[in-house]
Amino acid sequence: MKKIYIVLFSSLFIWSCNKFDDEINTNPNRPSEASGTQLIASAQLSLPGLSSSPKGAFMAQYLAETQYVGQSLYPQESTSFYSWYQSPLINLQTVIDSEELNGNDGPVANQKAVAKILKAYYFWNITDRWGDVPYFDALQGGDNYTPVYDPQEEIYYDLFEELKEARGMIVSGSINNDIVYNGDMEKWQKFANTVRMLMALRLSEVDPEKGSTEFNEAVNDGVFESNSDNLVYRHLADADNQNYWFGQVVNQNREWWALSETLVEEMKPVDDPRLVVYGDPARSSGEYVGLEFGKEEVTGTETEEFSLLGSDIYAQDAPVYLVTYGQVLFAMAEAVERDWITGDAEDYYNMAIEASMEQWTGSSEGVEDFLSNPEVAFDANNAIESIANQRWVHLYMFGYEAWSEWRRTGYPNDLVEPNGMAVPTRLSYPDNEAFNNEENYNDAIERQFGGDDSIYGNVWWDE
């Protein structure tokens, strides 16, 4: 199990006698070893980091830089994945491998099931960003410092099985220390199935038969049924667990991000009720004004003339939406269009937008008027585009997920190319992997990208 070392004294005392019991510095009222559910909770603390990222927001072109225009110009640079392996994933693997879990924290089977589900969710995000990554040989600690990079296709197919296995492990009874679902195993089952469903849709262009099969199995097993099922990380109005953007905008006084012109031009003309949550009106005009993405000629007045990141988004206790009911409904609408399931795509589309309104604004008031706008109403002749565009609006601030959907569908099709630089199609591997894991790193980039670790290589499902 993972050790938690406790510092009992801040001063060093030198004693004339050294015949003390070995346990003299052990506090019997505090644990020296983390429990399974504590390790799960520790892994859950990393969840908002999947979403709360300026780089992710730039990949989906939700935000534009107001002062230091650099990341939005898509430089060819490496991006590390080490922190995901070294923190949440190793904690989860410890739970999965442990033979010493305490049943007082809830059924051991449920502890292991939740760990497997979260591990699968993290790995899904990781492989979608980088492509082939260490998976089967990963998380062995000192036993293997140079794990093989596994093909994304194999990772995907194993993740499907891991999620199904985890769902089947769940028994009656809740678990302690669950800061996401408060130990509710029914919600964990729905979450596992929903992740399977969304993963299956990723295969729409590369393996639609497998995608359709996995999609239908997941839906039949039971996916999210309302916003109350959403995977949401709820921050606190406390410095120890505050929203990332609060730390940036308020604590460090960084007004570095405005709503992009692309986003505002999608939302403002149709009076989208979510816009007042997504951003604040420009201080100089009181209007919503988007900033050109990647605009290099900054004048110093951008923070006054353009709509900055919304105060509701960077509030200290602002939640982070990770997997949502709205995504489920957009996926169902698309699955109808792809003949994977039966139903009415327009109904699912309308329900998805209503769920999105409720999620972001707390109310569905005005949704009927919004849906009656010709620019918003479902277009049966361009169904995938309609669905994808509104899904992009819904996924606001989870830029990496929106970016994955853009790579898969090509929508929205009006993302800009700042200074002639196209939107990247993957993240480049950590640059020190070329030294730390040279053989496996070289094999991976040769197999996928002809030896070039470029941000413009295509991951398996984006061929």
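**Rings and a helix**

Analyst: The structure holds 35 aromatic pairs. Rings of Phe, Tyr and Trp (its six-membered ring) pair if their centres lie within 6.5 Å; planes under 30 degrees apart are stacked, over 60 edge-to-face, the rest tilted. Y135 and F136 form an edge-to-face pair, 4.7 Å centre to centre, with 75 degrees between the planes. This is a predicted model: local features need pLDDT of at least 70, side-chain atom pairs 80 or more, while totals for chains, interfaces and linings use all residues. Residues are numbered from 1 along each chain as its sequence is written, and side-chain values use heavy atoms, without hydrogens and water.

User: Which rings are linked into a cluster?

Analyst: Ring pairs join F81, Y82, Y85, F123, W130, Y135, F136, Y149, Y429 and Y441.

User: Now the helix. Which residues of α18 are buried?

Analyst: Buried means under 20% relative accessible area, exposed over 50%, partly exposed in between (1.4 Å probe, protein chains only). Helices (H or I, at least four residues) and strands (E, at least two) are DSSP runs, numbered from the N terminus. In α18 (residues 438–449), N440, Y441, A444, I445 and F449 are buried. Seen down the axis, they fall within an arc of 125 degrees, so they line one face of the helix. The arc is that of the directions from the helix axis to the C-beta atoms. On the other side, E439 and E446 are exposed.

User: What do the buried residues of α18 pack against?

Analyst: They pack against α4 (108–130), β3 (149–150) and α17 (433–436). Contact means heavy atoms within 4.5 Å.

Key. The expected span of a helix is 1.5 Å times one less than its number of residues.
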